[in-house]
Amino acid sequence: MGKNRNRSEKEKALERKRIFRLKKLQLKQQYHERLYAEWRNAYQPDETRYRRYRRHIRYSRPAFLGVMILFWGFLFLFGGLAPAIRIIAALFAVISTASGITELVFLLRMDTRILRPLAGLETAARRIASGDFDVRVSTPHHPEMESFVRTFNGMAESLRENERLKKEYEENRKELIAGISHDLKTPVTAVLGYIDALYELAPGDREMSERYLSVIKSNTVYLNRLIDDLFLFSKLDIHKLDFNFETVVLNDYLRDLMEEFALDLEEHGIRFSYSDTLPAHTTARLDPKRFYRIVRNIVDNARRYGPQEGLAVAVSASAERGGSAVVPERFLLSIADNGPGIPEEKFAHIFERFYRTDAARTKCTEGTGLGLAIARELVEAHGGTIAARNAPAGGLVFDIRIPLPDADDGTAAEPRS
């Protein structure tokens, strides 16, 4: 019993020593690995595995050539050896040299076709990460990496475009905030000023009170219109505005719409005319409510910027065919006035939000500066285009083009919903 117990204690002691040695080896290995990692991070922080492969290939080639030169030199220097030994050594040298050259050629091809393009991709990726989206990697003429490099360049192009759109959106946001601040501050300041003036009036001065209240009301109406336009434009900008597209007979719809405008404009002493050369029973996919808003904004623009006396508005509807089979047939609605027109250099900005052709931002015309921007968004939501031009005889003309259903299958360019 005593011997068995002593043997068991010895085995336990040996087991404890073995476990201790294993833990010691593990700790030593972890310590060395940590030291190596710290050294690598200190002296080679950006070195990736394939870069080490490239370094190995770059250094192994001259080392191999040096060994081969020494081997052949040794073979010729010690030519007094037995013929059999010289033959065996020469045969071994030839085989080793041939295999070494084959390996060097393979490594050179791998370096040229794979590792070098990867190094270029890594450098380009670092530049993109630092914000340089104009970097591109030259496309290699080897199939191993050609498609990969093309995909990378496509990604870089997409990132650059996204960054451009982001900056453009940020600039538009700043301009929108500045425009809103200016256009809201002017009527608010006027309202506050006239309210203060009302407090200072004599109790019996009814005529002056009514005059001040009229100004306050007009500014309040302007504020309400501006807020409505801002709300509509913001929903258009984020594609959250609901559209109810339906197939309408243009001849009937436009005739009813223009009769409504004729009554309104002629009541204010504005001459109005409408001509229709559309084929009978021409149909189109429209949102009648939103299309009315398009025409209303353009007519209001003519009323605000046209002459105070003798203003005339002429509307014409016609059909036109696109320049190719890809472009569907369209209907053209032209809205012209006899105003002064605008300078050619300002056409590029006429549909921008809060843009006015006068240098100073004033409220004398009671415009919000969003009417034409909203009209463009609504036209584009219908799948169409809008453009402005000066008429040869004077005045400004707005041309609205909306796709018509294709004659073969009855379909039109899909409007944005």
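Author: Happy to! A nonpolar core here means a set of buried Ala, Val, Leu, Ile, Met, Phe, Trp, Tyr and Cys residues joined through side-chain atoms within 4.5 Å. Please keep in mind that this model is predicted.

The largest nonpolar core has 55 residues, and the members that touch the most others are L254, F291, F331 and L333. Helix α6, residues 250–267, gives this core its largest share, eight residues. In general, nonpolar side chains in soluble globular proteins tend to be buried together.

Let's zoom in on L333. Leaving aside residues up to four places away in sequence, L333 touches L254, M258, F291, V295, V315, S316, A317, F398, D399 and I400. One of these contacts, D399, leads us to a pair of strands: D399 in β7 is the bridge partner of A387. Strand β6 (residues 385–390) pairs with strand β7 (residues 396–403) in the antiparallel sense, over six bridges. The two strands form a hairpin with five residues between them, and G394 in the turn has a positive phi of about 105 degrees.

Apart from the largest core lies another core of ten residues, including L121, A124, V135 and F152.

For contrast, look at H281, in the loop between β2 (271–276) and β3 (283–286). Is H281 buried or exposed? Its relative accessibility is 68%, so H281 counts as exposed, the cut-off being over 50%. H281 also has a positive phi, about 60 degrees, although it is not a glycine.

Conventions: Residues are numbered from 1 along each chain as its sequence is written. This is a predicted model: local features need pLDDT of at least 70, side-chain atom pairs count only at pLDDT 80 or more; totals for chains, interfaces and linings use all residues. Side-chain values use heavy atoms; hydrogens and water are left out. Helices (H or I, at least four residues) and strands (E, at least two) are DSSP runs, numbered from the N terminus. Buried means under 20% relative accessible area, exposed over 50%, partly exposed in between (1.4 Å probe, protein chains only). Two strands pair if DSSP finds at least two bridges between them. Contact means heavy atoms within 4.5 Å.
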